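Try each task before you read its solution.

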Amino acid sequence: MKNTPVFDKDLNPVLEIATDEDLETLVAYVSDKMSEDLTAHAAYKEYEPKHSNYADLIAKEIRDMGGNSFANVWRGEGPSYHEMVCDVADKLKAPYNKNKAIEDVENSILETILSSAIDHMSEEEKKNLLNEMGDKNNINVSSISTSVFIGIFRAGGFYSYQLTLIIANQVARAVLGKGLQLATNAALMRWASILTGPIGWAISGMWTAVDLAGPAYKVTIPCVIHVAMLRKKLNSLSCGNCEAILPDTTMKFCPECGEAITA
Amino acid sequence: MVMSDSERQKKRREKLKSESQKSIFVRGDGGEFDERIRVYLAVQKLAKEGMLTKECIDLIVKTSETVFPTPELSTRKYINKIVYEYLTGNN
């Protein structure tokens with residue numbers, strides 16, 4: 001893909017292997033802003049809605065949104081994606097170390113949102129969520145703290161991806177007025193019903209602060225959350241036949257389509 | 001000596017830029033005496049002329065994923081995609 005020579009090692013690899021559906025939301029976020037250049041580009045006019053043909057342009061546009069317009073002209077490109085994610089973490093008051101990998105900073109942002117959402121949940125909702133996550137020991141309700149869920153999130157894999165997907169979906173609802181159009185596993189739909197309310201409230205609270213912070217964050221915060229979700233999705237093991245995310249690395253058959261899993 | 005904020009930021013940007021775009025020094029103008037460039041142009045030529053079997057192209061693509069140690073699955077998928085496109089000319 002050579003629509004632009006601008007490349008970012010933390011952003012381009014993720015966007016350039018994403019599908020048209022995955023990129024649809026990002027295009028909607030950036031094209032919502034008056035100052036965007038994406039929709040004026042020849043590649044966009046030629047290929048839209050096949051967004052994967054100009055994923056490098058989408059990456060460039062996201063980075064441009066993260067920087068001051070005059071500084072972008074002087075630099076020749078927007079700030080690095082890592083710098084942009086650190087800015088978003090600052091804005092959402094997520095603790096992070098700027099020398100850490102991009103995934104760690106993204107996780108810190110998601111953990112901050114998740115903590116806020118779980119604080120909004122009742123004990124019964126927490127118990128239901130834990131059951132959906134495969135709790136076999138029937139943990140005492142009073143002992144379920146936010147750190148239990150954060151621990152599950154930090155463990156990575158399928159559950160971590162699902163929590164991120166629910167957050168990204170709620171952000172899309174808040175910004176665009178509609179959720180993500182993704183093919184999802186059946187398990188996710190059960191989870192979504194438990195987490196949608198609390199995460200929605202947490203995001204509403206966050207959005208009020210973002211509204212006051214200025215227009216640039218209205219684009220960069222949703223973009224960073226969506227890219228974090230895509231990174232988790234693309235780093236998960238998936239079925240070669242139906243592309244469903246596999247909950248367990250030891251599975252021999254896909255739980256969605258029944259196809260044998262090849263190593 | 002303590003660096004100012006702008007100096008620190010400039011240093012960080014230069015570091016990130018150098019990570020993303022590393023220059024390769026080659027022998028001769030355009031690398032005509034460089035064995036590395038000759039190998040990859042020869043492989044590309046053979047692949048585009050259909051002289052490499054699909055299995056051979058797949059093997060080159062798969063090996064290229066781990067030439068530099070890459071733990072992230074998404075990065076490996078990206079390398080797979082760009083090397084496959086390079087060899088088959090599907091840009």
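**Exercise 1. The contact between the chains**

How many residues does the contact take from chain A, and how many from chain B?

*Solution.* A word on conventions first: this is a predicted model, where local features need pLDDT of at least 70, side-chain atom pairs count only at pLDDT 80 or more, and totals for chains, interfaces and linings use all residues. Residues are numbered from 1 along each chain as its sequence is written, while chains are lettered from A and ligands numbered from 1 in the order in which they are written.

Step 1: count residues in contact, meaning that their C-beta atoms, placed from the backbone, lie within 7 Å. Chain A contributes 12 residues and chain B contributes 11 residues.

Step 2: find the elements on the side of chain A. Helix 1 (12–16) and helix 12 (215–235) of chain A each supply at least two residues there. Helices (H or I, at least four residues) and strands (E, at least two) are DSSP runs, numbered from the N terminus.

Step 3: sort by class. The side of chain A that touches chain B has 5 nonpolar, 3 polar and 4 charged residues. Here Ala, Val, Leu, Ile, Met, Phe, Trp, Tyr, Cys and Pro count as nonpolar, Asp, Glu, Lys and Arg as charged, and the others, Gly among them, as polar.

**Exercise 2. Two domains in chain A**

Work out which helix of chain A gives the most to the side of domain 1 that touches domain 2.

*Solution.* Chain A is divided into domain 1 (1–79) and domain 2 (107–237), as given by an automatic or database domain assignment.

Step 1: count. Their contact takes 16 residues from domain 1 of chain A and 16 residues from domain 2 of chain A.

Step 2: look at the helices. Helix 2 (20–31) and helix 4 (55–65) of chain A each supply at least two residues of the domain 1 side, and helix 2 of chain A gives the most, with 8 residues.

Step 3: by class, that side of domain 1 has 10 nonpolar, 2 polar and 4 charged residues.

**Exercise 3. A helix pair in chain B**

Describe how helix 3 and helix 4 of chain B cross.

*Solution.* Step 1: the axes of helix 3 (residues 54–65) and helix 4 (residues 73–88) of chain B come within 8 Å and cross at roughly 140°. Axes are lines fitted to C-alpha atoms, for helices over the stretch in contact, and angles run from 0 to 180 degrees between N-to-C directions.

Step 1: helix 3 of chain B is therefore oblique to helix 4 of chain B (under 35 degrees counts as roughly parallel, over 145 as roughly antiparallel, 65 to 115 as roughly perpendicular and the rest as oblique).

Step 2: among the contact residues are Ile57(B) and Val61(B) of helix 3 of chain B and Ile79(B) and Val83(B) of helix 4 of chain B.

Conventions: Two residues are in contact if their C-beta atoms, placed from the backbone, lie within 7 Å.
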